[in-house]
Each structure stands twice: as structure tokens, then as C-alpha cells.
There are 2 protein chains.
Amino acid sequence: MCESNVYLKKGDSEELIMENVAAITPVSEGTFLLKGLLGESLKVKAIIEDINLMGHKITLKAL
Amino acid sequence: MCESNVYLKKGDSEELIMENVAAITPVSEGTFLLKGLLGESLKVKAIIEDINLMGHKITLKAL
């Protein structure tokens, strides 16, 4: 299984906002839609800060 | 192993630009640095179009 955990960075702090994310798609300028393995979804106003596929960690930076 | 294949979309065509990508990091506005499993790297002027972790496929759109 290759889903990742998605973290959201705000200033100096970083928060795990979704586990087992299966897909990430931009829905508009500065907004990403995260889709989880179990069908859950979450919209986040952020930009991509890092995609670490080996570490199963994707970091977004809040806008 | 959870690395992905990265495709670059230009207009209607889509090209596989790197296999076994381990990490993707923005290096400046509109430019991403792809790093491969074997240490290879590639800079691409593009935006993220889709990240499909289950399908091991990341699609960038050329700027």
C-alpha cells in the first residue's frame, strides 16, 4: 500500500491532517482536495511544500 | 516500494519523464525538483495536476 500521511504546516508547527491519503488533486488556485482510502475527503488551502514518497509523507504549507 | 512514475502533460500529450521518483520538492515558483531512487534528479517547470498515490502516478502540467 502506497498511500501517504499528509501534514499541514502553519508557521513553525506541523499537524497531521489526514492519514492514508490515496490522491491529491488541485481544485482551484491554492486549494487541494485530499482523498482518503476510505472515501473521505478534505479540501485544504495550501501549497505543496514537499512530497516524500519513500517516507510516505506529504507536507503542505497553509496559505 | 512506494516511488511513483512522473508524467508531464503538454497540451493533449503526456510523457513519462521519470520513473521511480522518490521525492518531489518545489525549488521556486513553478519549478519542481524530482529526485529518483538512484540519486538522479530533474528540474521541471510545471504545476501539479494530479497525485495518484495508489496508482503510483504523478502528473505535472508543463508551464
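Reader: Why is B:H56 called partly exposed?

Author: This is a predicted model, and the values are computed from it. B:H56 has a relative accessible area of 27%. Buried means under 20% and exposed means over 50%, so 27% falls in between and B:H56 is partly exposed.

Reader: Where does B:H56 lie in chain B?

Author: B:H56 lies in the loop between β4 (41-52) and β5 (57-62) of chain B.

Reader: What makes the phi of B:H56 worth a remark?

Author: Phi of B:H56 is near 55°, a positive value, and the residue is not glycine. Most residues other than glycine have a negative phi. B:N20 is another case, with a phi near 55°. B:N20 is found in strand β2 (residues 13-28) of chain B.

Reader: Why does B:N20 count as partly exposed?

Author: The relative accessibility of B:N20 is 37%.

Reader: What makes the contact between A:E49 and A:K9 a salt bridge?

Author: The closest N and O atoms of A:E49 and A:K9 are 2.7 Å apart. The cut-off is 4 Å between a side-chain nitrogen of Lys or Arg and a carboxyl oxygen of Asp or Glu, so the pair qualifies. This pair links distant parts of the chain, with A:E49 in strand β4 (residues 41-52) and A:K9 in strand β1 (residues 4-10) of chain A, 40 residues apart.

Reader: How do you know that A:E49 is partly exposed?

Author: A:E49 has a relative accessible area of 23%. Buried would require a value under 20%, so A:E49 is partly exposed. A:K9, at 25%, also counts as partly exposed.

Reader: How many salt bridges does the structure hold, over all chains?

Author: The structure holds 4 salt bridges over all chains. One of them joins the side chains of B:K9 and B:E49, at 2.7 Å from N to O. B:K9 is in strand β1 (residues 4-10) and B:E49 in strand β4 of chain B, 40 residues apart.

Reader: Why is it said that B:K57 and B:E14 tie together separate parts of the sequence?

Author: B:K57 forms a salt bridge with B:E14, the closest N and O atoms being 2.9 Å apart. B:K57 lies in strand β5 and B:E14 in strand β2 of chain B, so the pair ties together parts that are 43 residues apart in sequence. B:K57 is partly exposed at 29% relative accessibility, and B:E14 is partly exposed at 38%.

How values were computed
Residues are numbered from 1 along each chain as its sequence is written. Chains are lettered from A and ligands numbered from 1 in the order in which they are written. This is a predicted model: local features need pLDDT of at least 70, side-chain atom pairs count only at pLDDT 80 or more; totals for chains, interfaces and linings use all residues. Side-chain values use heavy atoms; hydrogens and water are left out. Helices (H or I, at least four residues) and strands (E, at least two) are DSSP runs, numbered from the N terminus. Buried means under 20% relative accessible area, exposed over 50%, partly exposed in between (1.4 Å probe, protein chains only).
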